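This report covers ring contacts and a metal site. The sequence and structure are shown first.

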Amino acid sequence: YAKIKKNKDRQLSSKAVTIIGRYTRDLPRNTVDALIESAFSVWARASSLTFVRSHTLNADIMVEFVTNEHGDFYPFDGPRGTLAHAFGPGQGIGGDTHFDDDEHWTAGGTGFNLFVVAAHEFGHALGLKHSRNRESLMYPTYISFSSANLLSMEDVANINALY
Ligand SMILES: CNC(=O)[C@@H](NC(=O)[C@H](CC(C)C)CN(O)C=O)C(C)(C)C
Ligand SMILES: [Ca+2]
Ligand SMILES: [Zn+2]
Ligand SMILES: [Zn+2]
């Protein structure tokens with residue numbers, strides 16, 4: 001029974017992801033898709049989570065690039081300052097992740113690394129809070145990580161405590 005139960009839980013830890021609205025103009029569309037996908041794979045590798053790309057509007061995690069006031073109570077603030085935000089798991093806006101398109105998004109080099117920021121945001125979308133440790137991906141300020149070991153031991157322990 002325990003095995004079946006584990007598998008049942010495993011099914012529950014599959015998340016559908018839809019990217020909506022205008023993509024950032026800083027990067028080619030397929031680069032954005034690839035960076036978002038690799039940000040999810042950071043969490044999939046460290047847990048039993050799986051992510052499936054969707055095009056429905058009721059996916060678990062809706063991803064979009066927006067600026068300033070954008071329909072939730074957390075308007076963005078122009079260039080720099082807040083880079084992005086994500087809502088914890090739940091119905092409706094739960095899990096949704098917004099990137100401030102007044103930032104300059106990059107795949108490496110000058111600007112803010114979309115892969116790193118997305119991995120942080122998806123941590124929130126999966127239910128993680130901030131960490132006080134600078135080596136944690138869930139540290140509240142942007143650090144251009146070496147994408148090698150993005151997750152700290154604490155991050156891995158925390159995601160596995162949830163799923
Ligand atoms: C460069 N600007 C920063 O470092 C800003 N931090 C952020 O924008 C956080 C995202 C980073 C960590 C990817 C917001 N956050 O926690 C979203 O879940 C400030 C520290 C200025 C707020
Ligand atoms: Ca901003
Ligand atoms: Zn928002
Ligand atoms: Zn955060």
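## Aromatic contacts and the calcium site

Phe40, Phe51 and Phe122 form a cluster linked by ring pairs. Rings of Phe, Tyr and Trp (its six-membered ring) pair if their centres lie within 6.5 Å; planes under 30 degrees apart count as stacked, over 60 as edge-to-face and the rest as tilted. The model is predicted: local features need pLDDT of at least 70, side-chain atom pairs count only at pLDDT 80 or more, and totals for chains, interfaces and linings use all residues. Residues are numbered from 1 along each chain as its sequence is written, chains are lettered from A and ligands numbered from 1 in the order in which they are written, and side-chain values use heavy atoms, with hydrogens and water left out.

Six aromatic pairs are found in the whole structure. Phe99 and Trp105 make an edge-to-face pair, because their ring centres are 5.7 Å apart and their planes at 85 degrees.

The calcium ion (ligand 2) has protein donors 2.2 to 2.4 Å away: Asp77 (OD), Gly78 (O), Arg80 (O), Thr82 (O), Asp100 (OD) and Glu103 (OE). Donors are N, O and S atoms within 2.8 Å of the metal (3.2 Å for Na, K and Ca); water is not among the atoms, so sites may look incomplete.

Relative accessible area (buried under 20%, exposed over 50%, partly exposed in between; 1.4 Å probe, protein chains only) is listed for residues from both groups.

| Residue | Relative accessible area | Class |
|---|---|---|
| Asp77 | 39% | partly exposed |
| Glu103 | 4% | buried |
| Phe99 | 0% | buried |
| Trp105 | 0% | buried |
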